[in-house]
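Thanks for coming. Please have the sequence and the model open while I talk.

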Amino acid sequence: MSMKSLERVVSEKALKLGNSFPCQICVVGFLCGICLTSLFLAALTSLGTFEFAAFSFTSTSSVFPPCNSSTSQIINMVASIDRKLKWKNKVETEEEAEVRLLVSAWDNLLLNEEDFLKKVGMNISDVPNGPHLENCEKKARVRERLDTRIANPTFPSWISGGDEENYPLTRRVQREIWIHQHPLDCQNKSLKFLLADWETLPGFGIGAQIAGMTGLLAIAIKENRVLVTNHYNRADHDGCKGSSRGSWSCYFLPETSEECRKRAFAILKREAWESGIVTGKQNYTTKEIWAGPIPKLWDKPWSYMKPTTEINGSLISSHRKMDRRWWRAQAVRYLMRFQTEYTCGLMNAARNSAFGKEAAKIVLSAGDWRKKNKKNGTEIEEQVWSDHKPWIPRPMLSVHVRMGDKACEMRVAALEEYMRLADRIRDRFPELYRIWLSTEMKEVVDRSKNYTHWRFYYTEVARQVGNKSMAEYEASLGREMSTNYPLVNFLMASDADFFVGALGSTWCFLIDGMRNTGGKVMSGYLSVNKDRFW
């Protein structure tokens with residue numbers, strides 16, 4: 001009985017102590033100590049894991065310094081606590097480090113910066129081929145060879161897809177434009193020329209300049225003249241070197257042969273102008289250049305074009321300017337048929353910036369790229385594989401959002417309207433979740449982040465805020481940037497698999513033309529508004 005009484009007294013005392021405030025403080029402190037200890041051990045785990053990953057990477061690439069003995073002790077201690085967490089972090093950290101290294105290596109190769117590779121203990125030959133990159137020097141030589149009569153009797157090699165995948169007669173028309181612009185004998189005295197600068201009027205964007213030149217090409221073909229373009233103001237910057245400065249040939253191969261170009265400038269005398277051997281823009285009215293009749297050498301192929309454009313839910317089968325739509329597509333494809341080495345370099349840089357991480361993961365998935373013996377220059381690489389287009393993640397949707405001062409010419413639409421059309425395409429093609437977004441407006445890029453079920457790619461460039469004119473915006477970027485980045489966007493957009501835009505914009509109109517002569521007629525085009533000429 002006395003023992004039971006004693007136990008009862010002790011229990012009551014313990015209960016009172018447990019309910020007391022000091023005791024509760026001690027318990028809470030004890031529990032907090034356990035939590036802090038756990039957090040400390042977790043931090044050690046992450047630290048040790050990072051150092052372990054660095055050590056593993058160093059053993060083959062010498063990018064990171066080797067870990068010291070104290071770090072090794074921490075790693076061993078942490079490994080015994082949580083091996084699973086350590087392994088998970090190790091894989092993620094090492095992969096991210098290798099991806100960063102590989103993307104940086106590609107960046108420095110594009111910039112011809114060998115010092116970076118030397119610093120990390122690598123040679124140029126150690127860097128694997130980027131599936132998204134082209135050898136621009138080699139590609140330029142191939143394109144120049146293909147752009148001659150002797151080397152390429154089977155042109156046009158710049159057309160993708162068969163006849164059913166392009167506008168009617170695309171292959172034939174491209175071939176015959178090329179022949180017209182590259183006469184057999186440029187010294188023939190009966191040869192006539194149309195010599196023209198690119199448009200320089202204030203407010204004329206790149207799209208308007210290209211559209212104007214397509215009209216001059218039409219006139220040249222109708223009058224049996226060779227079109228020779230002269231000054232291109234947007235190429236008048238330090239990026240275009242030597243004779244290509246101030247010339248379309250900085251970005252794309254010239255519209256005619258060098259022999260014909262020399263001949264045209266050699267006969268630029270008063271008599272040549274008076275006799276009509278040479279004409280210029282001043283010889284034609286604005287209406288003739290911008291809205292004149294197109295060449296009739298190929299009858300009316302636009303009359304049987306397959307309808308693939310939708311506006312307001314309706315498939316557009318015909319309109320009163322179908323001929324101009326067909327011709328501009330052909331003319332733009334010809335003028336932009338081959339990129340120069342400079343443009344190829346711009347595209348490489350843009351693809352590495354946008355897709356470099358994904359490309360690096362593809363390369364890494366094939367194994368340790370640093371240990372592989374690379375065999376370059378084999379016959380199959382030179383003659384077969386070199387013709388493959390650079391990789392981009394597909395399928396890709398091109399969305400060009402035109403706003404700003406374009407409101408004075410057409411109805412502008414908010415990003416939401418474009419995205420509703422994008423979602424319509426995705427309903428039919430659920431594998432589509434990537435968008436190449438081109439726009440001059442910062443608010444469009446900012447609002448794109450709300451569409452988390454899509455992945456957006458775009459060039460990193462300062463964009464327009466508010467309703468400045470396009471001329472003011474381009475002036476703020478400078479001549480070189482304001483030319484390079486739109487052309488990169490244009491070529492990226494043209495290479496997409498699906499298309500959403502505003503056909504009231506000349507830029508979208510030209511992208512659509514490149515689609516229809518680039519093997520993508522059946523991709524279709526969804527527009528938020530109607531072209532001004534329809």
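The axes of H8 and helix H12, residues 322-335, cross at roughly 100° and come within 9 Å of each other. Axes here are lines fitted to C-alpha atoms, for helices over the stretch in contact, and angles run from 0 to 180 degrees between N-to-C directions. Helices (H or I, at least four residues) and strands (E, at least two) are DSSP runs, numbered from the N terminus. H8 is therefore roughly perpendicular to H12. On the wording: angles under 35 degrees count as roughly parallel, over 145 as roughly antiparallel, 65 to 115 as roughly perpendicular, and the rest as oblique.

Before going on, what we are looking at is a predicted model, in which local features need pLDDT of at least 70 and side-chain atom pairs count only at pLDDT 80 or more, while totals for chains, interfaces and linings use all residues. Residues are numbered from 1 along each chain as its sequence is written, and side-chain values use heavy atoms, with hydrogens and water left out.

Which residues meet where H8 and H12 cross? From H8 there are Ile210, Ala211, Met213, Thr214, Leu217, Ala218 and Ile221, and from H12 there are Trp327, Arg328, Ala331, Val332, Tyr334 and Leu335. Contact means heavy atoms within 4.5 Å. By class, this contact has 11 nonpolar, 1 polar and 1 charged residues. For the classes, Ala, Val, Leu, Ile, Met, Phe, Trp, Tyr, Cys and Pro count as nonpolar, Asp, Glu, Lys and Arg as charged, and the others, Gly among them, as polar.

H8, residues 206-222, also crosses H7, residues 170-181: their axes come within 11 Å, at roughly 70°. H7 and H8 are therefore roughly perpendicular too. On the H7 side the contact uses Ile177, His180 and Gln181, and on the H8 side Leu217, Ala220 and Ile221. That contact has 4 nonpolar, 2 polar and no charged residues.

**The cores**

Now the whole protein. The model has 19 helices and 10 strands. Of its 534 residues, 47% are buried, where buried means under 20% relative accessible area, exposed over 50%, and partly exposed in between (1.4 Å probe, protein chains only). Among contacts with a separation of 6 or more, 75% come from residues 24 or more positions apart.

In soluble globular proteins, nonpolar side chains tend to be buried together. A nonpolar core is a set of buried Ala, Val, Leu, Ile, Met, Phe, Trp, Tyr and Cys residues joined through side-chain atoms within 4.5 Å. The largest one here has 67 residues, and Trp326, Trp327 and Met336 touch the most other members. Elements that each supply at least two residues include H7, H8, H12 and strand S1 (192-196). Which element gives the most to this core? H8 does, with 9 residues.

Beyond its neighbours within four places in sequence, Trp326 is in contact with Tyr167, Pro168, Val173, Ile294, Trp298, Pro301, Trp302 and Met305. A second, separate core has 25 residues, including Ala413, Tyr418, Met419 and Val445.

**Buried places**

Helix H19 has 11 of its 11 residues buried, so it is largely enclosed by the rest of the structure. Among these buried residues are Trp507, Asp512 and Arg515. At the start of H19, a side-chain oxygen of Ser505 comes to within 3.2 Å of the backbone nitrogen of Trp507.

Is Glu474 buried or exposed? Glu474 counts as buried because its relative accessibility is 15%. Glu474 sits in helix H17, residues 470-477, and its contacts, leaving aside neighbours within four places in sequence, are Arg234 and Ser482.

Thr279, in strand S3, residues 278-279, is buried as well, at 6% relative accessible area. Not counting residues up to four places away in sequence, Thr279 touches Phe193, Leu194, Leu195, Arg225, Trp273 and Tyr284.

**Backbone exceptions**

Most residues other than glycine have a negative phi, and most peptide bonds are trans. Leu169, in the loop between helix H6 (136-146) and H7, has a positive phi, near 65°. Asn312, in the loop between strands S4 (309-311) and S5 (314-316), also has a positive phi, of about 55°. Leu169 is partly exposed at 26% relative accessibility, whereas Asn312 is exposed at 69%.

Last, the peptide bond from Arg394 to Pro395 is cis, with omega near 0°. Pro395 lies in the loop between helix H14 (379-383) and strand S6 (396-401).

Conventions. Polar contact = N/O pair within 3.5 Å; in protein donor to acceptor, adjacent residues only side chain to side chain.
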